[in-house]
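This report goes through a few local features of one structure, one topic at a time. Please keep the sequence and the 3D view at hand while reading.

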Amino acid sequence: MADNPRVKKRAAVLPKIVLEEAYLHPDDARERLLRPDLLAGIAGSAGIGEGFYRAVLERLGEFDEVRLASMNENGIEHAILSLTAPGIQAIADPIEATSQARRQNDFLAEQIARNPDRYSGFAAVALQDPDAAAKELERTVHEFGFKGVLINGYTDTADGRTLYLDDAGLGVFWEAVAGLDVPVYLHPRPPMPSERGIYAGHPELLGATWGFGVETATHLLRIIFSGLLDRHPGVKLLVGHLGEGLPALLWRTQYNFDLNPFDKKIDKTLPEYFADNIWITTSGNFSDQALTSAILAIGADRILFSVDYPYADPALAARWMENTPISINDRRKIAHGNAEQLFGLNASR
């Protein structure tokens with residue numbers, strides 16, 4: 001079916017702000033493109049095909065003509081950029097991870113400085129060293145005006161542990177987050193590899209097709225059930241892909257948690273935490289049904305538009321946002337109003 005020209009025209013009318021938009025340092029992207037073994041290994045671990053990943057890599061390290069043209073064509077006035085997964089979380093050595101976080105943040109700040117009206121940034125931090133992570137977040141917010149921090153799932157550590165955000169050793173990081181009053185974007189990372197696990201023999205399930213959502217939703221529940229949001233009630237969390245399926249499962253999850261809390265005690269219900277601490281974005285999930293369900297579950301005030309560039313299609317996302325069957329008031333909130341309020345941005349150039 002041919003595209004409706006009226007729909008295409010409408011896609012550039014409503015101002016939009018996006019905030020799960022990935023980048024990779026051009027040197028790193030170039031290395032992966034020049035090394036077939038490295039490209040294949042990363043693509044395989046993320047559950048994506050090599051051809052798809054090659055096309056993504058060619059756009060991840062680009063910040064000018066292609067990225068800005070895509071934004072212009074689809075009414076995207078501003079993008080908050082962040083280091084693509086697995087990023088700093090995959091560097092086990094704390095010294096190297098801290099160094100790479102600073103390198104990436106300095107580079108991102110340079111790109112933002114060239115187009116400050118169009119770009120902002122989320123910091124990358126090395127949770128392998130919580131003190132260093134807290135200091136780096138403070139540096140990027142104060143020096144560069146970064147809008148928060150994005151964490152790519154669990155963090156590898158030098159002693160072989162898997163570090164999730166509810167870990168008791170991350171207190172200093174969460175204190176910095178609360179003190180700065182900036183959001184933490186919880187971004188997916190492929191599930192822990194297992195030769196005998198449920199994903200064995202099914203690489204198609206590892207990435208965005210399935211594994212990303214399950215891994216990230218579970219990570220968010222760990223944060224909530226650990227009591228972290230009770231200890232830091234002002235913390236703001238962002239989760240993509242329309243909440244990784246959780247809005248549709250809040251009732252069932254809460255009901256069964258109440259029956260089987262084990263040693264966990266929390267002050268509020270899951271819907272209340274979503275009302276007070278959690279926002280979701282539309283990144284890579286352009287479904288009328290999923291959006292309507294999320295609005296019914298948590299309200300339009302807690303939903304923000306995003307694309308997931310360059311892994312998802314901005315034109316598809318923009319056309320959907322312009323035409324999904326919701327009220328104009330909710331459409332404007334989701335497209336730009338909620339992001340303006342949360343981040344102090346202005347969608348009008």
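## The second largest pocket

The model shown here is predicted. Its second largest pocket has a volume of about 280 Å³. The lining is made up of 17 residues, and D28, R32, G87, I91 and Q100 are the closest to the pocket centre.

Two elements, α2 (26–34) and α6 (94–114), each give two or more residues to this lining. The largest contribution, four residues, is from α6. By residue class, the lining of the second largest pocket holds eight nonpolar, five charged and four polar residues.

Strand β7 covers residues 184–187, and both of its faces are covered. On one side lie V184 and L186, on the other Y185 and H187, and all of these are buried.

Which strands pair with β7? One is β4 (residues 148–152), which pairs with β7 in the parallel sense over four bridges. Within this pairing, I151 has L186 of β7 as its bridge partner. Strand β8 (residues 237–239) also pairs with β7 in the parallel sense, over three bridges. Here V184 stands opposite L237 of β8.

## Aromatic pairs

How many aromatic pairs does a search of the whole structure find? The search gives 11. One of them joins F144 and F146 in a tilted arrangement, with 5.5 Å from centre to centre and 45° between the planes. F146 counts as buried because its relative accessible area is 3%, under the 20% cut-off. F144, at 29%, is partly exposed.

F173 and W174 form an edge-to-face pair, with their centres 5.3 Å apart and their planes at 65°. Is F173 buried or exposed? With a relative accessibility of 0%, F173 is buried. W174 is buried too, at 1%.

## An aromatic cluster and charges over rings

Y23, F63 and F107 make up one aromatic cluster. One member of this cluster, F63, also has a charged residue over its face: R67, at 5.2 Å from the ring centre.

A further arginine, R302, has its charged end over the ring of W279. The distance from the charged end of R302 to the centre of that ring is 3.7 Å.

Key. Residues numbered from 1 in each chain as written. Predicted model: local features only at pLDDT ≥ 70, side-chain atom pairs only at ≥ 80, totals over all residues. Heavy atoms only, no water. Buried < 20%, exposed > 50% of the residue type's maximum accessible area, 1.4 Å probe, protein only. Pairing = 2+ DSSP bridges. 1 Å grid on protein atoms, 1.4 Å probe; cavity = no way out; pocket = protein on both sides within 12 Å on 5 of 7 lines; lining within 4 Å. Points joined across faces, edges and corners; volume = space filled by probe spheres on them. Nonpolar A, V, L, I, M, F, W, Y, C, P; charged D, E, K, R; others polar. Phe/Tyr/Trp six-rings, centres within 6.5 Å; stacked < 30°, edge-to-face > 60°. Lys NZ or Arg CZ within 6 Å of the ring centre and 35° of its normal.
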